[in-house]
Amino acid sequence: MAVSLAACGDGGGSGDAGEAASGEDGFKVGLLFSQNVQPRWENFDKPLIEKKIKELCADCTLDYANAKGDVATQQQQVETMINRNVEVLLLSAVNFRSLRFSVERAHDAGIPVIAYDGLVEGPIAAYVSFDNERVGRLQGEALLRALGDRADSGRIVMMNGPQTSPTNVAFKTGALSVLEDRVRIGKAYDTPGWSQETAHANMESAIAALGVDGIDGVYAANDGLAAGAISALKAAGIRPLPPVTGQDADLAAVRRIVRGEQYMSVYKPFKAEADAAAEMAVALGRGEKLDAIADTTIDTATTKDIPAVLLDPIPVTVDDIRATVVKDGLYTIAQICTPEVAPACERAGLTD
């Protein structure tokens, strides 16, 4: 029996399927994402979670909403999920502190909250994500390798994400643990909302301050920031482009890596994360323990010993594309190697 999966609007409204009562053995799962700036959320995470829940609980229903980066919207969406009597809530929080009261409201209503991809304060029941400090370390290590002999004397620009969650802080902490005392950090920016446009503007400012010959590398915390930084570098006529890091292995970023515009990204196998989250949600909805799913625990300022799944991120350069994102079925060679990318694919040996 197919699961009934309904998409909530920005304010948390749903279609008829979401309003339908769950089957006798089913229940409602709420899924709230923080933003849609990064394509991974709605292109990969959401459908993967939907599919796994369908496999595990045919009579379950799923209510979904995306806050699009707005805290007040997400707070209202949590209230809507509580009023809809969801049995468990998967939450990717816009801001880990600002959603604490909402998490407490869900907890008081008897709804366990699973923090997805990033921690949130309050009495969360479980957490699933990647080793986020390791993400930053992988990026920093890759940038040092790309810099080669220039690592000890080179100057980089840091494009960090918004420092509004422990996840984003961890990316920055991991990167700095590798880069500090090895390279000079000429300029560093924390980018609200992961805005590609802001990254572009900040890189323009960095170029103006450091000069077109004064940037040896760019630490970009994700692929969107990398895209903004690269567009500004290209607009300034900087050739060759300095090595630029990234994260999420977005399709556009993989193409940039093939073309030599972006040095690397970090691939986080979304299916493993989505599957673990769905397994946790179904187990908690059935009143079961998470011992067979969570293999570690994690603490926040408000909650200790939270059952957690922390997955391993994977660095991706042009030499790794076939063995990672292609092998895992994230993209096909045909999707990556569009006509404008085809010559670079040939040079990289990426042919069917």
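This is a predicted model: local features need pLDDT of at least 70, side-chain atom pairs count only at pLDDT 80 or more; totals for chains, interfaces and linings use all residues.
Visitor: OK, what is the bridge partner of Met159 in β8?
Guide: Tyr189. Strand β7 (residues 155-160) pairs with β8 in the parallel sense, over six bridges. Strands here are DSSP runs of E, at least two residues, and helices are runs of H or I, at least four, numbered from the N terminus.

Visitor: What order do the strands take in the open sheet?
Guide: β8-β7-β9, three strands with parallel pairing. The edge strands are β8 (184-190) and β9 (217-220).

Visitor: Which helix lies across β7 and β9?
Guide: Helix α5 (residues 132-147), running at about 170° to β9. Angles run from 0 to 180 degrees between N-to-C directions, with axes fitted to C-alpha atoms, for helices over the stretch in contact.

Visitor: New topic. Is Val326 buried or exposed?
Guide: Val326 is buried, at 18% relative accessible area. Buried means under 20%, exposed over 50%, partly exposed in between (1.4 Å probe, protein chains only). Val326 is found in helix α11 (residues 322-326).

Visitor: What is Val326 in contact with, leaving aside neighbours within four places in sequence?
Guide: Ile321, Tyr331, Ile333 and Ile336. Contact means heavy atoms within 4.5 Å.

Definitions and conventions: Residues are numbered from 1 along each chain as its sequence is written. Side-chain values use heavy atoms; hydrogens and water are left out. Two strands pair if DSSP finds at least two bridges between them.
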